[in-house]
Amino acid sequence: MIGEGSHGTIVFEGKHEVRPVAMKRLLKNCDDDGHKEYQNLCLSDEHSNIVRLYGVEEDKDFVYLALEHCTCSLNDLIQMQFLDAPTTKGDQAMEVNSQYKVHLQSMMGTLPEVKLWEDNGYRRYPSPTLWLWKLMRDVVSGLVHLHELKMIH
């Protein structure tokens, strides 16, 4: 199990056709939440900062959504930026426990390097703070897209 949400929602690791997915299982109910979520994901699927929907199935009790399996969580992305950052005596950076640190380091090689700009043909890599600004911009861009579709998240 990857996670769980409200109203009995559970997310499992799975496969859809040949790709790894996050399989979200939603209880069928009178509010029809599973079908609403499916419709919302179909509408928002064209935006690069929204999780991809690969398929949907259902049985008498549940709706199953096959979603893009993300490499890590938003919190993991943020924490990775500070793993090797130098700290000063007054720094309020959160301490990362050693087991979580190993987990984060194992994911670092699977993520693309973030390049915010190119200058005169030479690539310059941003500081963790600039990288976090890009991450925040991407999150807000996805939320703006959802709001333009009259969805609240």
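The legends below describe close-up views of a predicted model. Local features need pLDDT of at least 70 and side-chain atom pairs count only at pLDDT 80 or more, while totals for chains, interfaces and linings use all residues. Residues are numbered from 1 along each chain as its sequence is written, and side-chain values use heavy atoms, with hydrogens and water left out.

**View 1. The open sheet has 5 strands in the order β1-β2-β3-β5-β4, with antiparallel pairing.** β1 (3-4) and β4 (53-58) are the edge strands, each pairing on one side only. Helix α1 (residues 33-44) packs on the sheet and touches β3 (19-27), β4 and β5; the direction of α1 makes about 25° with that of β5. Strands (E, at least two residues) and helices (H or I, at least four) are DSSP runs, numbered from the N terminus. Two strands pair if DSSP finds at least two bridges between them. Axes are lines fitted to C-alpha atoms, for helices over the stretch in contact, and angles run from 0 to 180 degrees between N-to-C directions.

**View 2. Strand β2 (residues 10-16) is joined to β1 by 2 bridges and to β3 by 7 bridges.** V11 of β2 is the bridge partner of G3, and the bridge partner of V11 in β3 is K24. The hairpin of β1 and β2 has 5 residues between the strands, and H7 there takes a positive phi near 55°. In the hairpin of β2 and β3, 2 residues lie between the strands, and E17 in the turn has a positive phi of about 60°.

**View 3. E58 lies in strand β4, which 5 bridges join to the antiparallel strand β5 (residues 62-68).** The hairpin of β4 and β5 has 3 residues between the strands. V63 in β5 is the bridge partner of E58. Apart from neighbours within four places in sequence, E58 is in contact (heavy atoms within 4.5 Å) with K28, H35, V63 and Y64. K28 and E58 are 30 residues apart in sequence, and their C-alpha atoms are 8.9 Å apart. E58 is partly exposed because its relative accessible area is 43%; buried means under 20%, exposed over 50%, and partly exposed in between (1.4 Å probe, protein chains only).

**View 4. Two salt bridges are shown, D45 with R52 and D61 with K60.** A salt bridge is a side-chain nitrogen of Lys or Arg within 4 Å of a carboxyl oxygen of Asp or Glu, and by this rule the count comes to 6. The closest N and O atoms of D45 and R52 are 3.1 Å apart. For D61 and K60 the N to O distance is 3.5 Å. D45 is partly exposed at 26% relative accessibility, as is D61 at 37%, whereas K60 is exposed at 70%.

**View 5. Helix α4 holds both D138 and K134, 4 residues apart, about one turn of the helix.** Salt bridges that share partners join K134, R137 and D138 into one network. Between D138 and K134, the closest N and O atoms are 2.6 Å apart. D138 is partly exposed at 21%, and K134 is partly exposed at 22%.

**View 6. L130, W133, M136, V140 and V144 make a nonpolar surface patch of about 460 Å².** Patches are made of residues with over 30% relative accessible area and no salt bridge, with like charges joined within 9 Å and nonpolar side chains (Val, Leu, Ile, Met, Phe, Trp, Tyr) within 5 Å. Accessible areas come from the Shrake-Rupley method with a 1.4 Å probe; for residues, only the protein chains shown count as cover. M136 is found in helix α4 (residues 128-148) and is partly exposed, at 42% relative accessibility.
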